[in-house]
Amino acid sequence: MRLACIAFVVALAAVHAEAQTSVLPFEVESADGATIAGQADAREYARRGVVVFVAGTGLFDRDVRFGRTGTPRDLLFADLARRMTARGLASVRYDRRGLRYGATGASAIDVEVAATSTTTSQREDLAAVYDWARAPEGLGARCVVIFAHSEGLLHVGRLAAAGASAPTGIIAMGGLLESPKSVLRWQLTERDVYSLHLMDTNGDGRVTNAEVEVSYRNTPSGAFDMIGPFLHPNGVWTSEDLAQLRSNQERIYEQQRALALAEDDNSPYPNSQTPMARYSWWKSWFFDDIPVASQLAGWRVPMTFHYGDRDSQVNYQRQRATAGNVFGAQASFIVHEGRGHSLGEHPLFGPIDTAIADQIADEAATTCPP
């Protein structure tokens, strides 16, 4: 694979001059010829230990804007990268293929390139960046931690299953360990019933609208800020109502599955104006039943999995159960009370809780000490 580093220029823009942190832009060529752009943030002495960041589902650039506070902390990966470099590590972040970093609106997306994204290309894009971080022509890292958010851990699992050399360690935030098929099915058919059970604050098996109003936002289903569907017309959800809700959502799931599988694999998803992948990627969520845990198991390295107990995208109990004992003593599972998919207060969005962000950076620094 050809590595094409753009300018390891010495006159690199210093982000924090007092900390001697520099930005090193790079480009690498993925297996299909697509150009993947990104940057490494590093102190001059920090190239031994590197953290490679892998984003989840969405048209994310290297910063991963996934918060709603209007502050720089909404840039989840940029915020974590600053914490990594402060601990003597280099951080490597890259843009999803087809995104133009720094551009806004429609000009930020190269629709022709973005529409080429598939399950295979996402793995190969990561592989190209990972290889660059370790290669002498790149950063020449001797210690690499992979940090993955959400679907990003699926790409890492597929990289491991493809036979890539193991990193020194893995840290994940809201990462998938069950299969894509089972995750999506939980989201579409079980998440709401699960959340309603959590709203049953007095444990009497019935969920009143008053309980919904108090507890809704503290459950996985609170991610979308739509309380209306959870207010029962009769004022209370019974066990029969919950069973009917699950049945109705199963039917909708089957309809969505049929619609997805009827599309041409090469059609742009979700549309031709703002594509993020080919339809084959979306279809994979309906039929790929390979657990990510089984793909990662071939890498016998330390792994730390962080989950929030109100995560809207993955259920931490299901991820832990799927992992079972496949990782042996190498894996640690940490559940954060009152935190969501991005380890903030919201069930879906960040910013990451400050203490947790520092904890993650400390874990990376412990894995790759300066």
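Which residue forms a salt bridge with Arg-87? In this predicted model, the partner of Arg-87 is Asp-358, and the closest N and O atoms of the two are 3.4 Å apart.

A search of the whole structure finds 23 salt bridges, including the following.

| Pair | N to O distance |
|---|---|
| Arg-87 and Asp-358 | 3.4 Å |
| Asp-32 and Arg-97 | 2.8 Å |
| Glu-250 and Arg-185 | 2.7 Å |

The salt bridge between Asp-32 and Arg-97 joins two loops: Asp-32 lies between strand 3 (21–29) and strand 4 (35–43), and Arg-97 lies between strand 6 (90–94) and helix 2 (111–114), so the pair ties together parts that are 65 residues apart in sequence. Asp-32 counts as partly exposed because its relative accessibility is 47%, while Arg-97, with a relative accessible area of 2%, is buried.

In the salt bridge between Glu-250 and Arg-185, distant parts of the chain are linked, since Glu-250 is in helix 8 (residues 239–262) and Arg-185 is in helix 5 (residues 180–189), 65 residues apart. Glu-250 is partly exposed at 24% relative accessibility, and Arg-185 is partly exposed with a relative accessible area of 26%.

Definitions and conventions:
Residues numbered from 1 in each chain as written. Predicted model: local features only at pLDDT ≥ 70, side-chain atom pairs only at ≥ 80, totals over all residues. Heavy atoms only, no water. Salt bridge = Lys/Arg side-chain N within 4 Å of Asp/Glu carboxyl O. Helix = DSSP H or I, 4+ residues; strand = E, 2+ residues; numbered from the N terminus. Buried < 20%, exposed > 50% of the residue type's maximum accessible area, 1.4 Å probe, protein only.
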